[in-house]
Amino acid sequence: MDAVEMKGITKRFPGIVANDGVNLKVKQGEIHALLGENGAGKSTLMNILFGLYQPDEGKILIKGKETEITGPTVAGELGIGMVHQHFMLVDPFTVTENIILGSEPTTNGMINKRRAEKEVQAISDRYGLKVDPRAKIRDISVGMQQRVEILKTLYRGAEILIFDEPTAVLAPQEIDELIVIMENLVKEGKTIIFITHKLKEIMRICDVVTIIRQGKFIGRVEVADTDENRLASMMVGRDVSFTVDKKPAKPKDKILSIRDIRVQDSRGVDAVRGLNMEIKAGEIVGLAGVDGNGQSELIEAITGLKKVQSGEVILNGKKITNLKPKTITHSGVGHIPEDRHRRGLVLDFSIGENMVLQTFDQKPFAKGWSLQYPAIHSYAKRLIEEFDVRTPDIHTPARALSGGNQQKGIIAREVDRDPDFLIAAQPTRGLDVGAIEGIHRRLIEQRDKGKAILLMSLELEEIWQLSDHIAVIYEGKIAGWVDPASTTEEEIGLLMAGYRAGTEVTS
Amino acid sequence: MIESLTDILATTVLYMTPLLLAAMGGLFSERSGVVNIGLEGLMTIGAFTAVVTTLETHNPWLGLVTAMLAGMLFSIPHAIASITFKADQVVSGVALNFLALGVAVYLVKSLYKGSGQTPDVQDVLQAMPIPGLENIPVIGPALFRAFPTTYLALIIVFIGYVVLYRTPFGMRLRAVGEHPQAAETMGVNVYRMRYTGVLISGALAGLGGASLSIAIGSQFSESTIAGQGFIALATLIFGKWHPFGVLGASTFFGFAVALALKGQLIGLTTYVPSEALNMLPYILTILALAGFVGRAEAPAAIGKTYETGGR
């Protein structure tokens, strides 16, 4: 029997058609993947199923019966529960309070906390969720918070669970735990809709995939009959390569040298402790390391966002240590920041305005005190076309763009200023395969144009594919330099964990 | 000396009462996520209504009831503006303050032949000694010969605590003030909860105003409230948006007022000029509002408008 059937769903928002005649058919007891790039309309479709949006056209059948889902409460009554990507949890409340909110068990008008806690514990045990009913949300890990979200739906008797990109926020072993939980749920007869753009996860746990692209229904395939490459091309609409084509690097003059710098983190503790590094024109240096070993502080120090306590940063033979960020930017540093929402864009400015964040006060964008909008607009238009930033127009707020397009915008701005040295910090974080491929190609292109590039990433695979040299950072120092062509993943792993090259590994 | 202490203590309790009532009102509003700068205005309306009702009916208890109703009525524009129309909550609250004062002063002038204040109320609330307890030395006369409004305020603190922390209504109200999206996905009606919070704040602030005009005082003029609503707001913040915290904070501010009024009894004025003592409650208010205390405890969604299904 079909647990859910959505037929010809169309939803329009001002300026875009988010869903255009989408079909979704999910059988009872299966894990069904909903695959699509960021901005393809997955979340819109699921918000319709969950009653947060009303479709403009189309029909919804739950267990074969046509229904109108006018709100989350109605969805709940139909047995539909959503595990939100951005957790819907009240931080100062306990686990139990979050779960019972809206349908509290009472005795004489008072909340019966003891009974609620028992019930929560019972459900948690049944599905192996390992949640402490009395813990406060703000004190528990992200993984446990997610399990609370799952519990919320189960407590309300959900039979159909929607997981909205559940693995995006999890560490690798937490993902393994989640997969076990999902398998337990299905064993107990639940149906799962799994929204994702990660192909590996689909291949690992899903039974059937529905693919949507730019709001349109593309296809429905059994996982057993397909593979990652075929799924990727259906999702993106063209063939995607998972390997990066590049010629050998032709390094030239030394562009950047860092000499023995020390930088403190925001708590005043040394995060970078006497680090040395050189980068030449025409090469990509990959900075590998476990998160929190001083990568972010190093980059913020180079770009002037953090104070260098001692040591020197030299660009093209000139000291740029502790200059103002603006001066450093204009002396030839491009920066694709780690957090594109906080540091990369002014989200409420238009994408056009975001294109001139560093150059707005220079000719031709400004004459004296006044901004020259015609010049800004024509410049932004050119960048957006050249770098294929998909946006309704240049006046759209940056906030409204998908992550991949926001990142393309930032890269356009940074690259077009033609800096000698480009920093790319986690340039593909949270992006889908199509967008990642494009960004990788841009970085190689810049290298071949003779830029010096520092690539920071927590994805070892990405560092591996792009870098000409890999510097492994550990506790604020370079633990070792390796050549990606002649090193194994294990060797880098050991350096990342703090074992120096040549020292013996003891357990 | 003992007598002076008792006097200061009694004054503390006296001035604690209106602050406590209004701050408890603010608590309900702000816990639901709506800032209520308008407490001052709501107290003004409550104080005015209580006086007029008591003058007309000679029944101060009826005065308390109408003050609550008037406060509730006057909080409706704030609720509509800031919840339904998503206006800036601070601006809407400030507007409410001006409106309330303007309306009250205008009505006083038109009702009482152009006078700037109402006639004196003869039938004000009388202190209500509690037999037995009132005879405890020092604290007896200070705590147990208080006005009925004081006892009422203390009862409201306890009821407020139970409602907010033990009932489904209270839990939903707090959830709406912390994370309205989460509450809505759980089937809680965010708008209705916020309206309820603001209306309760109107009723309690109105009652607080009445305690100033027909218990502590006996008439209404432009200067009856004189900033007490803002001090109540500071009390709320200083009390970390918690009923018992608010009780402690209002006692503290009440004590500051008592020192200003009765400082010379214990010889404080020989060390500190009385003008400086008079400033004390207001300086403490500025410190509290400037965020020296308790900011981190504020409801997370306070001051943020909410739109159903917002993207």
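Predicted model: local features only at pLDDT ≥ 70, side-chain atom pairs only at ≥ 80, totals over all residues.
Chain A may be approached through its strands. Strand 6 of chain A covers residues 80-83. Ile80(A) and Met82(A) point one way from this strand, while Gly81(A) and Val83(A) point the other way, and all are buried. Strand 6 runs parallel to strand 9 of chain A, residues 160-164, and four bridges join the two. Within this pairing, Val83(A) has Phe163(A) as its bridge partner.

An antiparallel arrangement is found in strand 11 (residues 208-213) and strand 12 (residues 216-222) of chain A, which are joined by six bridges. Val209(A) is paired there with Val221(A) of strand 12. The two strands form a hairpin with two residues between them, and Gln214(A) in the turn has a positive phi of about 45 degrees.

The loops of chain A also deserve attention. Asn108(A) lies in the loop between strand 7 and strand 8, and its phi is near 50 degrees, a positive value in a residue other than glycine. Asn108(A) counts as exposed because its relative accessibility is 76%, the cut-off being over 50%. In the loop between helix 12 and strand 19 of chain A stands Pro364(A), which is joined to Lys363(A) by a cis peptide bond with omega of about 5 degrees.

For chain B, an unreviewed UniProt entry lists several transmembrane regions, among them residues 90-108 and 195-217. Residues 90-108 of chain B are 100% helix, with end C-alpha atoms 27 Å apart. Residues 195-217 of chain B are 96% helix, and their end C-alpha atoms lie 31 Å apart. Between helix 2 and helix 3 of chain B, the loop contains His58(B), whose phi is near 60 degrees. His58(B) is exposed, with a relative accessible area of 53%.

Conventions. Residues numbered from 1 in each chain as written. Chains lettered and ligands numbered in written order. Heavy atoms only, no water. Buried < 20%, exposed > 50% of the residue type's maximum accessible area, 1.4 Å probe, protein only. Pairing = 2+ DSSP bridges. UniProt positions renumbered as here; feature names shortened; annotations may be inferred.
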